[in-house]
Amino acid sequence: MILWHNPRCSKSRETLALLKDNGFDPSIRLYLETPPDADELRELLTMLGITANDLARKKEKEFKDLNLAAADEATLIDAMIAHPRLIERPILINGSKAAIGRPPENMLAIL
């Protein structure tokens, strides 16, 4: 079980606390420091059952600066690799399942 975590994000901290309160101690991946590569991001999107557009944080400055509103899947994936702040957070990966912790309770469905 791996939590893609940003300790500066309140939802990420809430998700980690919820997991620990339920007896889980996930491995922590500080994805801003260790961003995914393209294959890893595509695999994650498949596990989540969403597109790169669904995973992108559209309110981030980089999203606007890079004019990503009409970007295709490959362009968005490349942008998220180069600017991992664009990746929605937190994300829990548990085996072949994944969930975005917005709200944190979403994680409980894949435990």
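L92 has A99 of β4 as its bridge partner, and L3 stands opposite L92 in β3; helices (H or I, at least four residues) and strands (E, at least two) are DSSP runs, numbered from the N terminus. The model is predicted, with local features requiring pLDDT of at least 70 and side-chain atom pairs pLDDT 80 or more, whereas totals for chains, interfaces and linings use all residues. Residues are numbered from 1 along each chain as its sequence is written, and side-chain values use heavy atoms, without hydrogens and water.

Strands count as paired if DSSP finds at least two bridges between them. β3 pairs in the antiparallel sense with β1 over 3 bridges and with β4 over 4 bridges. In the hairpin of β3 and β4, 2 residues lie between the strands, and G95 takes a positive phi near 65 degrees.

A nonpolar core is a set of buried Ala, Val, Leu, Ile, Met, Phe, Trp, Tyr and Cys residues joined through side-chain atoms within 4.5 Å; buried means under 20% relative accessible area, exposed over 50%, partly exposed in between (1.4 Å probe, protein chains only). The largest such core has 21 residues, and W4, L41, L44, L55, M80, I87 and I91 have the most contacts inside it. A second, separate core of 7 residues includes L3, L19, L92 and A99.

Both W4 and Y31 are buried. Their rings form a stacked aromatic pair, 6.2 Å centre to centre with 25 degrees between the planes (centres within 6.5 Å; planes under 30 degrees apart stacked, over 60 edge-to-face, the rest tilted; six-membered ring for Trp). Because W4 lies in β1 and Y31 in the loop between β2 and α2, the pair ties together parts 27 residues apart in sequence.
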